[in-house]
Protein chains: 2
Amino acid sequence: MRNAGYTIRTMAERCGMTTHTLRYYERVGLIQPVGRARNGHRRYSETDAVWLNFLHCMRDTNIPIRELQRYAALREQGEVTSLERRKILEDHQSVVATQIEALEKAHAILTHKIENYRKIEEKLGLRGSSEAVETEREEQPVMVMA
Amino acid sequence: MRNAGYTIRTMAERCGMTTHTLRYYERVGLIQPVGRARNGHRRYSETDAVWLNFLHCMRDTNIPIRELQRYAALREQGEVTSLERRKILEDHQSVVATQIEALEKAHAILTHKIENYRKIEEKLGLRGSSEAVETEREEQPVMVMA
DNA sequence: GTACTCCTTGAAGCGCGCTCAAAGTCAATT
DNA sequence: AATTGACTTTGAGCGCGCTTCAAGGAGTAC
């Protein structure tokens, strides 16, 4: 089991990041120094994968790197920092909730505007080039999934 | 006297942007040249407000400025661009849907982790003071060289 | 007049989060 | 030995979306 562990490339693919990003995260302290093979190449562990996936997931929610740095630093100090870490997560969770609201509002507005464009197109007799439903003179009603 | 219209400051407040951003949007073509008072100051109309609110809402969903520029340019060409504009909105709406999913996933993970911290705190009898305990229940790097 | 506030412009600057370049190491293959 | 290719390092560079700067004009108040 001498050379067990994922290469940087494998891990990058697994976590949906680039190798550059993995090194960058290590450099800025989001992940502790990764173990090395004899030739100096990084070897990522399964636990690294879990943590990196978490980071990836959080970054998807626009949490700043700085905040993750704070969190990561506390994490390295053990369970004693539970309260602080929980606070970070709770604060961020409420940010996430706010973002969800904004996105849902935008989604609704988009639905409305898209529908409006459909009406305009009908009025103008426009047809889409690729995706449009064929409407002939004597058309049959067609149910189109949203 | 139809000299009415919002000042840049008023409009900025109304749309949740800064005056700088409003000028920037005009400069890059997100909004057509705004009418001016006799002294050269911008005067925004009610229609501008609607459009700016839409832009603001879309930017909240991380749509790139470039995409909004495309959309704005089409919009200025009239109804004949309906299909293209609809496509832009539909494409972006699916991006928004994806983002909502990611955020909801993150929200769930956060709930889970927060709950976990609560348990840890209960176990440690934490309430703000510190009493070191060694066992990290979460992942902890192992392959550290030195 | 002087001060103050609000506005104007173009250009430069900034923070974020990567992203890339250059030069080098190592292992395997030819 | 030479080449290939995947990795290593450090440090610089980049794209985005503002944001600030610098210099000035116009309008009102005292």
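Predicted model: local features only at pLDDT ≥ 70, side-chain atom pairs only at ≥ 80, totals over all residues.

**Stop one: the DNA**

Select DNA strand C and the 18 residues around it (a heavy atom within 4 Å); Tyr25(A), Arg66(A), Arg23(B), Arg36(B) and Arg42(B) come nearest.

Residues are numbered from 1 along each chain as its sequence is written, chains are lettered from A and ligands numbered from 1 in the order written, and side-chain values use heavy atoms, leaving out hydrogens and water.

Now show Tyr25(A): a polar side-chain atom sits 2.9 Å from a phosphate oxygen of DNA strand C. Arg42(B) does likewise at 2.7 Å. For a base, pick Arg27(A), with a side-chain N or O atom 3.3 Å from a base oxygen of DNA strand C.

**Stop two: salt bridges**

Next, find Glu26(B) and Arg36(B), which form a salt bridge (side-chain nitrogen of Lys or Arg within 4 Å of a carboxyl oxygen of Asp or Glu), with closest N and O atoms 3.9 Å apart. Glu26(B) lies in helix H2 (residues 19-27) of chain B and Arg36(B) in the loop between H2 and helix H3 (46-59), so the pair ties together parts 10 residues apart in sequence.

Finish in chain A, with Arg14(A) and Glu46(A) in a salt bridge at 2.9 Å, N to O. Arg14(A) is in helix H1 (residues 8-15) and Glu46(A) in helix H3 (residues 46-59), 32 residues apart.

Note on methods
Polar contact = N/O pair within 3.5 Å; in protein donor to acceptor, adjacent residues only side chain to side chain. Helix = DSSP H or I, 4+ residues; strand = E, 2+ residues; numbered from the N terminus.
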